[in-house]
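Hello,

Here is the structure we talked about. Please open it first, then read the notes below beside it.

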Amino acid sequence: MLHAPVVRRRKLGEELRSLRHAAGLTSRDAARLLGWHQSKVSRIETGASGVSSGDVTRLLDVYSVRDAQLRALLDVLAGSAGGGGAGWWHAYRGLIPPQYRDFISLESQAVTVRTLETSVVPGLLQTAGYARAVTRASIDGLPADRLDALVEVRLTRQQVLRTPPPLRFTAVLDEAVLHREVGGPEVMRDQLDHLAHMARLPHVRLQLLPFSVGGYVGLASPFVIFSFPNISDLDVVVLDHLTSSVYLERKEDLEAYGSAFRTLQTHALTPDRSLELVAAIRRGFR
């Protein structure tokens with residue numbers, strides 16, 4: 001169980017080592033061509049230290065990597081691995097904790113996200129009113145300006161669903177999420193209307209677990225699975241706790257959670273029937 005920067009550093013190092021091997025170079029060769037000590041190449045490849053996006057660019061040039069998409073991904077990966085890159089969320093570093101910044105960084109790089117939610121609508125599908133009500137309830141005594149800023153962060157995150165190519169997002173929600181009156185009837189009406197609208201987008205899939213399912217895997221432990229392009233074995237599972245997040249990246253963990261999510265989808269309603277249930281619940285909020 002590791003935090004995001006450590007996971008990213010290790011995965012980045014593995015990929016850079018693979019590319020060096022493909023180029024037919026030893027670590028000594030790479031260090032000589034770059035004017036570095038061999039130990040620097042070794043530390044990067046083992047994930048013992050971060051690497052700047054500039055150094056990643058130099059390594060890829062030496063390894064003759066021409067794939068623009070791969071180069072762009074590794075550049076962003078260097079930032080989330082603690083190598084000095086910066087995304088829009090860094091402007092809020094004094095407001096949001098490192099774990100949340102790590103989460104947003106992963107979300108911004110992923111091509112697919114699968115999530116099980118048992119208590120609230122996923123952040124990427126929340127309206128401003130719902131996000132405000134959830135944030136206010138979650139953080140006691142939050143000043144108005146900080147509340148506004150946190151809602152702004154939540155809404156800015158949703159750009160990944162609008163910027164081409166959009167994130168492919170699959171959400172399995174417990175039916176209880178839609179019955180919980182967060183923010184009052186008006187907020188819930190808007191939220192359920194928005195949820196139905198988003199669920200009809202081609203890159204968004206929504207499935208509901210009706211009460212009739214009873215108990216299910218993940219009932220007491222919501223999770224998110226991030227998947228990434230080009231780099232093999234890069235998926236990450238995130239488990240959220242009250243004061244921290246845990247990142248799982250071992251192959252056996254990824255297989256277990258991937259299997260659990262597929263099982264959840266078989267027990268959940270189809271997307272069409274899920275939309276019917278959303279509409280029925282929406283009618284209950286007068």
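This is a predicted model: local features need pLDDT of at least 70, side-chain atom pairs count only at pLDDT 80 or more; totals for chains, interfaces and linings use all residues.

**Helix packing around H8**

The crossing of H7 past H8 is right-handed. On the H7 side the contact is made by Ala128, Ala131, Arg132, Thr135 and Arg136. On the H8 side the residues are Leu147, Asp148, Leu150, Val151, Arg154 and Leu155. Sorted by class, this contact of H7 with H8 has six nonpolar, one polar and four charged residues.

H8 (residues 144-157) also packs against helix H6 (residues 98-109), at an angle of about 20 degrees and with the axes 11 Å apart. That angle makes H6 roughly parallel to H8, since the limit for this term is under 35 degrees. H6 passes H8 in a left-handed crossing. Here Tyr100, Phe103, Ile104 and Glu107 of H6 meet Val153, Arg154 and Arg157 of H8. The contact of H6 with H8 has four nonpolar and three charged residues, and no polar ones. Arg154 of H8 is listed in the contact with H7 and also in the contact with H6.

**The second largest pocket**

What is the volume of the second largest pocket? The value is about 490 Å³. Its lining has 23 residues, and those nearest the centre are Ser108, Gln109, Ala110, Val160 and Pro165. Helix H5 (68-83), H6 and H8 are the elements that each give two or more residues to this lining. By class, the lining of the second largest pocket divides into 14 nonpolar, six polar and three charged residues.

**Two backbone details**

Most residues other than glycine have a negative phi, and most peptide bonds are trans. Two places in this model are worth a look on that account.

- Proline 164 and proline 165 are joined by a cis peptide bond, with omega at about -10 degrees. Proline 165 sits in the loop between H8 and strand S2 (168-174), and Pro165 is also one of the residues nearest the centre of the second largest pocket.
- Serine 64 has a positive phi, near 60 degrees, although this residue is not a glycine. Serine 64 belongs to the loop between helix H4 (53-62) and H5.

Regards

Terms used
Residues are numbered from 1 along each chain as its sequence is written. Side-chain values use heavy atoms; hydrogens and water are left out. Axes are lines fitted to C-alpha atoms, for helices over the stretch in contact, and angles run from 0 to 180 degrees between N-to-C directions. Helices (H or I, at least four residues) and strands (E, at least two) are DSSP runs, numbered from the N terminus. Angles under 35 degrees count as roughly parallel, over 145 as roughly antiparallel, 65 to 115 as roughly perpendicular and the rest as oblique. A crossing is left-handed if the near helix is turned anticlockwise from the far one by less than a right angle, and right-handed if clockwise. Contact means heavy atoms within 4.5 Å. Ala, Val, Leu, Ile, Met, Phe, Trp, Tyr, Cys and Pro count as nonpolar, Asp, Glu, Lys and Arg as charged, and the others, Gly among them, as polar. On a 1 Å grid over the protein atoms alone, a cavity is a set of points where a 1.4 Å probe fits but cannot get out, and a pocket is an open set with protein on both sides within 12 Å along at least five of seven lines; lining residues have an atom within 4 Å of a point. Grid points are joined across faces, edges and corners, and a volume is the space filled by probe spheres set on the points.
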